[in-house]
Every structure is written in C-alpha cells, then in structure tokens.
Amino acid sequence: MDSDDMKVVEEDEDWQFVSFGEQQNFGIRTAGLEEKATACQMLVCYARELKEGFVTYAEEVVKLMVPMLKFYFHDSVRSAAAESLPYLLECAKIRGEGYVNEMWHYICPELLSAIDADPEKEVQSDHMASFAQCVTTMNSRCLTEEHMTTLVKVLDKFLKEHFERAAERQLKRKDEDYDEVVEEELLGEDDTDVFLLSKVADILRSLLSVYKQDFFPYFDQLLPHFATLLGADRPWPDQQWSLCVFDDIIEYGGPSCARYQEYFLQRMMELIGSQSVEVQQAASYVLATHRKPKCRGTAGSKLWCGCPGTVWWRGICKDMCECSTLTGAGD
C-alpha cells in the first residue's frame, strides 16, 4: 500500500508495517495471524486427544499443515504445524499401513526442508522434535535412501554450525567491547545451541531405535562431530549430549557398536570424574544401564555379555558382575 493508504489504518493496533522507500509500505494484519496460530494449535489438540476419532479429518488437516511449515509470517503457526504431524500420523494408523506410509511420504521431504531452512532457531528445534516423534510414531524403516541422505546432510550442517558459532562466541569474549551485557547475550546463544544439539540427539535416538546397527553407515558420516564433542576442550553440555548419543548406539546397536569403542570408551571412563554433575551422570548412566548384575569379566579382555543390550569392553567388567554367558565380541 502507498503512504496515503497506510495513514488510514496506521493507528489500528491490528496492523504492523514495514516501509520500502518513501512511498511503499508492506502491511500485515497481525490480529489475523494470531487467529491463524490459535486455529492451528486447536487442531493440534484435536489430533492429540481424539486420536483415531480424528481420522476423518487427518488427510485434510495434513494438507493444510504441511505448507504452513514455511509460513514465515508467524513463528507459532510453523511450530503448531510441526507439532501436529506425529499426532496426525497416529490418527491415520487405523486406516492401515499403506495409508500412513503415503501420508508420511507427503510429510517427510517438506519437514526435512523446513528443518534446514527455518530462520528461527526455536522453530527449527520444534521441527526437529516433530521429525523425531514422527519416526517414533511410524516405528518402521520409513525413510527412503533420498530422505536419509538429505537428513544426514542437514544434521552434518547443524553440527558444523554448532562448532562455528561456539568459536565465534569465544572470540567475542576476547573482544575489547566484551562486558556483562555481551556475556548475557552469549549465554543465551549457548543455551539455544545446546537445545538444538539435544534435538539432533533425539533424531538420532529415534532412528537408532528403528534401524539399529543398520543406521551405523549413516552415523559414520557424523561420527567425527560427536568424537569432537567429547573432547576435553569442549563445554560440558557438548560432552553430555555426545555421551547420550553413544549410549543410544550401545543400547540399540548390540555387539556391532564395538566398532566405535575407540572414539568414546576411554573418554567415557575419564568423564565419570568430570566436575560437571550432568556429565558424571551421563557417563555413569552408560555403564549402569548396560551392566549385567551377574557378570564377571576378565581384566584385559574384550567381551560381549549374552544379555541383550549389555556390552563390556576391556577393563569395564572387572569386579563388577558375575556371569557365565560371556562370549568373545567381534570388533
């Protein structure tokens, strides 16, 4: 609208304006956007609470929600659209596997694109949480090779940017203008990046729970990042989330996870003595969760306990348990 048109509505609190030059203005009726966000959130509630009772509307709502993953005029609209998707998949299950798969293959490429492209970190984390929950809801090997390749590229980009932003913040802390106000801003950025890292871990957990050791060839492309996150020079949240990922690899990968022991085993043992309580707990959890109460290994051996989900390597078994079902583990 031009300047004359804007004068007519500029005092209306339901409108916001962005000016382009002296004569052109872009107006957005924000009241309408709030109504749109509220409507999307209501649809989330219906799908979540009614479950299969909402199946009659599931396909129609999916076709409304998926395009709104890129509705950049309002963050809450995009977040609600993402939140709705796993609930809509759950609704659709009553109509059979083929129906759900068709719906998922409509959702998946658009959700991956939204994860990659969204300009707001908070909304990106909502998209990532939605993707992880969708995979869990599908509970099947639901990604095509193309989807998996795209996902790994997106996660690889996220992890590279995680390190880059951390390095930039360290440089800002050495700047001559650094003060308490700057530090508060940097801490906020730290928290945002850690939250995104937790969502990366959630996605990997959902995939490992379904694909198990068959996901390892894809994880290999991300492995250097998680090895770096465990480094002694990394902040404790990086170490914590890397340990969580390796814990999932042990839990879901079985004996095949021995291929990764050189990347995390020694550091895991060292981090049990970390000054961070959170890191101590994460490292101890790996041992406690995958420990067979009645299993006694031999110092210096590499062992796989026949009990599901339990892996023992050199030095871990000693004096911790008693078991007669130990067999040699492959590398």
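Which residues form a nonpolar patch on the surface, with about 280 Å² of accessible area together? Select Met-42, Tyr-46 and Leu-50, which make up that patch; patches consist of residues with over 30% relative accessible area and no salt bridge, nonpolar side chains (Val, Leu, Ile, Met, Phe, Trp, Tyr) being joined within 5 Å, where a salt bridge is a side-chain nitrogen of Lys or Arg within 4 Å of a carboxyl oxygen of Asp or Glu, and areas come from the Shrake-Rupley method with a 1.4 Å probe. The model is a predicted one, in which local features need pLDDT of at least 70 and side-chain atom pairs count only at pLDDT 80 or more, while totals for chains, interfaces and linings use all residues. Residues are numbered from 1 along each chain as its sequence is written, and side-chain values use heavy atoms, without hydrogens and water.

Stay with Met-42, which lies in helix α2 (residues 30-50) and is partly exposed at a relative accessible area of 41% (buried is under 20%, exposed over 50%, partly exposed in between).

Next, select Phe-219 and Tyr-260, an edge-to-face aromatic pair with 5.5 Å centre to centre and 85 degrees between the planes (ring centres within 6.5 Å; planes over 60 degrees apart are edge-to-face, under 30 stacked, the rest tilted). Both Phe-219 and Tyr-260 are buried.

Finally, select Lys-36, whose charged end sits over the ring of Phe-71, 5.0 Å from its centre (NZ of Lys or CZ of Arg within 6 Å of the ring centre and within 35 degrees of the ring normal), and then Arg-95, which lies over the face of Tyr-99 at 5.4 Å from the ring centre.

Methods:
Rings of Phe, Tyr and Trp (its six-membered ring) pair if their centres lie within 6.5 Å; planes under 30 degrees apart count as stacked, over 60 as edge-to-face and the rest as tilted. Buried means under 20% relative accessible area, exposed over 50%, partly exposed in between (1.4 Å probe, protein chains only). Patches are made of residues with over 30% relative accessible area and no salt bridge: like charges are joined within 9 Å, nonpolar side chains (Val, Leu, Ile, Met, Phe, Trp, Tyr) within 5 Å. Helices (H or I, at least four residues) and strands (E, at least two) are DSSP runs, numbered from the N terminus.
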